[in-house]
Amino acid sequence: MILCNRWFCVESGSSNNSPILLIHGLPSQAYSYRKVLPILENNYHAIALDWLGFGFSDKPQPKYGFDYTLDEYVASLESVINALTDKKVTLVVQGYFSPIAIKYASNHQEKLNGLILLNPPLTINHAKLPSSLSVLSNFLLGEIFCQDPLRASDKTLLSCGPYQIKEDVAMVYRRPYLTSGSAGFALNAISKAMKKQLKGYVEDTRAILMDNNWSVQTTVCWGQRDRWLNFDGVEDFCKESKHRLVELPMAAERDQPNIGLLWQLFSIYS
């Protein structure tokens, strides 16, 4: 059933170039990489996608072929990467979806050039969803909030850091919730799955990245103004696991990852 779902992808650059897959966080969209794609097109084949249930990808009804569990997301990520390219790829992934990409990468290290993690959950303190996301999984109340475009989109995105989003940009993030109730049902389902499974996935993430057999060049980028995921323990983890850490004192925004930093990092993996 996963293979039958349609993914929304935005591509920039020649398919002859080295591919970079840009993966948004929860609850964002591929649109968050809109200013990164034009910068990469001369040297890379950059692809930004919407996860199933988000943006303009399919939003299958839970219990009818896709239940939005993290394990299903791992399998679906494998399917879409296989469909997009047969080359080695660099993955860039943000926030709470990072453990899914890491789990995929652990089984397919030979397919990766590198891995760039933007504020991933890495410590035991990160294994619990912030209240603005956790409430979306609540019985009845969560279902109501997930059907409210302002609550599901604007309020959730703005709660992660000290930022404002312009109205025209906010409308892009609201549109899936204004168009169909399926976006809200999907958000409610993934919030429930994330709340239930996140702790185990964070533990797996730590084990994978600490494993001596992990051979993928990995960089952790950390925006210090993130209100959802604090920096405590991240530096120690990166030192122990010997992964590069790049700190961004003024960054936290889910709407738009730091463009200059990403450009510098991509040059490492080219």
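Helices and strands are DSSP runs, numbered from the N terminus, with at least four residues of H or I for a helix and at least two of E for a strand. In the predicted model, K242 falls in the loop that joins α9 to β7 (244–248). The phi angle of K242 is positive, at about 65°, although the residue is not a glycine. Most residues other than glycine have a negative phi, and most peptide bonds are trans. K242 has a relative accessible area of 74% and is therefore classed as exposed, the cut-off being over 50%.

A positive phi is likewise found at K63, again a residue that is not a glycine, with a value of about 75°. K63 is part of the loop between β3 (44–49) and α2 (70–84). Its relative accessible area is 72%, so K63 is exposed. A further backbone feature concerns the peptide bond from L26 to P27, which is cis, with omega near 5°. P27 belongs to the loop between β2 (18–23) and α1 (37–40).

Packing between helices was examined next. Two packed helices are described by the angle between their axes and the distance between the axes. For helix α6 (residues 149–158) and helix α7 (residues 167–179), the axes lie 8 Å apart and the packing angle is about 150°. This crossing of α6 and α7 is right-handed. On the α6 side the contact involves P149, L150, A152, S153, D154 and L157, and these meet A170, Y173, R174, Y177 and L178 of α7. By class, the residues of the α6 and α7 contact comprise eight nonpolar, one polar and two charged.

Helix α8 (residues 182–210) and helix α9 (residues 234–241) form a further pair, whose axes come within 9 Å and cross at roughly 35°. R206, L209 and M210 of α8 make the contact with F237, E240 and S241 of α9. Three nonpolar, one polar and two charged residues make up this contact of α8 with α9.

Further residues of α8 were considered individually. T205 is located in helix α8. With a relative accessible area of 1%, T205 falls under the 20% cut-off and is therefore buried. When residues up to four places away in sequence are not counted, T205 touches P99, I102, P121 and L122. F185 is also a residue of helix α8, but its relative accessible area is 52%, so F185 is classed as exposed. With neighbours within four places in sequence left aside, F185 is in contact with P62 and Q147. The C-alpha atoms of F185 and D58 are 12 Å apart, while 127 residues separate the two along the chain.

G181 is placed in the loop between α7 and α8. Its relative accessibility is 28%, so G181 counts as partly exposed.

Y104, in helix α3 (residues 98–107), has a relative accessibility of 1% and so counts as buried. The contacts of Y104, leaving aside neighbours within four places in sequence, are with V74, L77, E78, I81, L91, K111 and L112. Between Y104 and Q94 the sequence separation is 10 residues, and the C-alpha to C-alpha distance is 15 Å.

Rolling a probe the size of a water molecule over the atoms shows where empty space is left. The largest pocket holds about 340 Å³ of space. Its lining consists of 13 residues, and those nearest the centre of the pocket are P62, K63, N188, A189 and K192. Helix α8 gives the most to this lining, with seven residues. In terms of class, the lining of the largest pocket is made up of four nonpolar, four polar and five charged residues. K63, one of the residues nearest the centre of the pocket, is the loop residue with a positive phi of about 75°. P62, also listed among those nearest the centre, is in contact with F185.

Notes: Residues numbered from 1 in each chain as written. Predicted model: local features only at pLDDT ≥ 70, side-chain atom pairs only at ≥ 80, totals over all residues. Heavy atoms only, no water. Axes fitted to C-alpha atoms, helices over the stretch in contact; angles between N-to-C directions. Contact = heavy atoms within 4.5 Å. Nonpolar A, V, L, I, M, F, W, Y, C, P; charged D, E, K, R; others polar. 1 Å grid on protein atoms, 1.4 Å probe; cavity = no way out; pocket = protein on both sides within 12 Å on 5 of 7 lines; lining within 4 Å. Points joined across faces, edges and corners; volume = space filled by probe spheres on them. Left-handed = near helix turned anticlockwise from the far one by under 90°. Buried < 20%, exposed > 50% of the residue type's maximum accessible area, 1.4 Å probe, protein only.
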